[in-house]
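Please look first at the sequence and the structure shown below. The paragraphs that follow lead through selected parts of the model one step at a time.

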Amino acid sequence: MKYRIRITPETELKELEAVTELVTRCACAALEQENAPDNSFVDVTIVDSETIRQINAEQRDKDMVTDVLSFPMLDFYNGEPPEDIEFDRNPEDGSLFLGDMILNYDRACEQAAEFGHSVERECGFLTVHSMLHLVGYDHERSEDERRLQRAHEESVLRGLGLTREEEE
């Protein structure tokens with residue numbers, strides 16, 4: 001397998017199998033589009049609003065609920081890996097840890113209702129958004145970078161059939 005996505009639920013989720021399949025499919029599609037290095041992996045943790053608030057406060061000094069957090073391990077820039085990336089591979093199995101994604105499933109469900117689209121679309125968007133952060137995109141750097149990241153997100157989501165138009 002080219003990419004490995006390890007998902008750990010830390011909240012009760014009756015749709016766990018469907019969410020796990022969706023997150024894995026979206027994460028792999030985003031990494032594939034960005035030509036992430038082979039044998040890369042990502043840890044995804046699915047949490048509730050209180051847990052993500054605590055993580056956001058501890059890690060980012062922002063004591064507030066958010067929808068997704070991304071913690072990149074490597075210094076990519078807009079999909080381009082650092083020159084010395086091979087030194088970051090695990091010497092035992094050659095794997096490359098790209099980072100962590102923390103998904104607030106509660107907030108994803110709330111936002112889906114607010115935006116008038118499916119929970120699948122919202123979780124797909126948040127997953128793709130996070131994967132792009134892990135490979136160095138950052139919509140907060142500038143307006144041009146925001147537009148670039150959004151264009152890449154929409155490209156992946158279109159390829160997965162998770163467009164906004166499909167729900168109208």
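**A walk through the predicted model**

N78 is placed in the loop between β3 and β4 (96-104). The model is a predicted one, and in it N78 has a positive phi of about 45 degrees although N78 is not a glycine. This deserves attention because most residues other than glycine have a negative phi. N78 is also buried: its relative accessible area is 17%, and the cut-off for a buried residue is under 20%.

A second residue of this kind is D61, in the loop between α2 and β3. The phi of D61 is near 55 degrees, again a positive value in a residue other than glycine. Is D61 buried or exposed? With a relative accessibility of 72%, D61 counts as exposed, since the term applies over 50%. A positive phi is also found in G136, which follows α4 and has a value near 95 degrees.

The helix α4 itself comes next. It comprises residues 119-134. The helix has 16 residues, and from its first C-alpha to its last it reaches 22 Å, close to the 22 Å expected at 1.5 Å a residue. How many residues of α4 are buried? The number is 14 of 16, and the helix is thus mostly covered.

K2 is partly exposed, with a relative accessible area of 34%, and E32 is partly exposed at 38%.

The side chain of K2 meets D38 as well, in a salt bridge of 3.5 Å, N to O. Here the segment before β1 is linked to the loop between α1 and β2 (40-47), and the two residues are 36 apart. D38 counts as partly exposed at 44% relative accessibility.

Elsewhere, E143, D144, R146 and R147 are linked in a network of salt bridges. A search of the whole structure finds 16 salt bridges.

The last stop is the largest pocket, which has a volume of about 530 Å³. Which residues lie closest to its centre? Of the 23 residues that line the pocket, these are R60, H129, H133, H139 and E140. The elements that give two or more residues to the lining are α2 (49-60), β3 (68-72) and α4. The mostly covered helix α4 is therefore one of the elements that contribute to this lining. By class, the lining has nine nonpolar, seven polar and seven charged residues.

Terms used: Residues are numbered from 1 along each chain as its sequence is written. This is a predicted model: local features need pLDDT of at least 70, side-chain atom pairs count only at pLDDT 80 or more; totals for chains, interfaces and linings use all residues. Side-chain values use heavy atoms; hydrogens and water are left out. A salt bridge is a side-chain nitrogen of Lys or Arg within 4 Å of a carboxyl oxygen of Asp or Glu. Buried means under 20% relative accessible area, exposed over 50%, partly exposed in between (1.4 Å probe, protein chains only). Helices (H or I, at least four residues) and strands (E, at least two) are DSSP runs, numbered from the N terminus. On a 1 Å grid over the protein atoms alone, a cavity is a set of points where a 1.4 Å probe fits but cannot get out, and a pocket is an open set with protein on both sides within 12 Å along at least five of seven lines; lining residues have an atom within 4 Å of a point. Grid points are joined across faces, edges and corners, and a volume is the space filled by probe spheres set on the points. Ala, Val, Leu, Ile, Met, Phe, Trp, Tyr, Cys and Pro count as nonpolar, Asp, Glu, Lys and Arg as charged, and the others, Gly among them, as polar. The expected span of a helix is 1.5 Å times one less than its number of residues.
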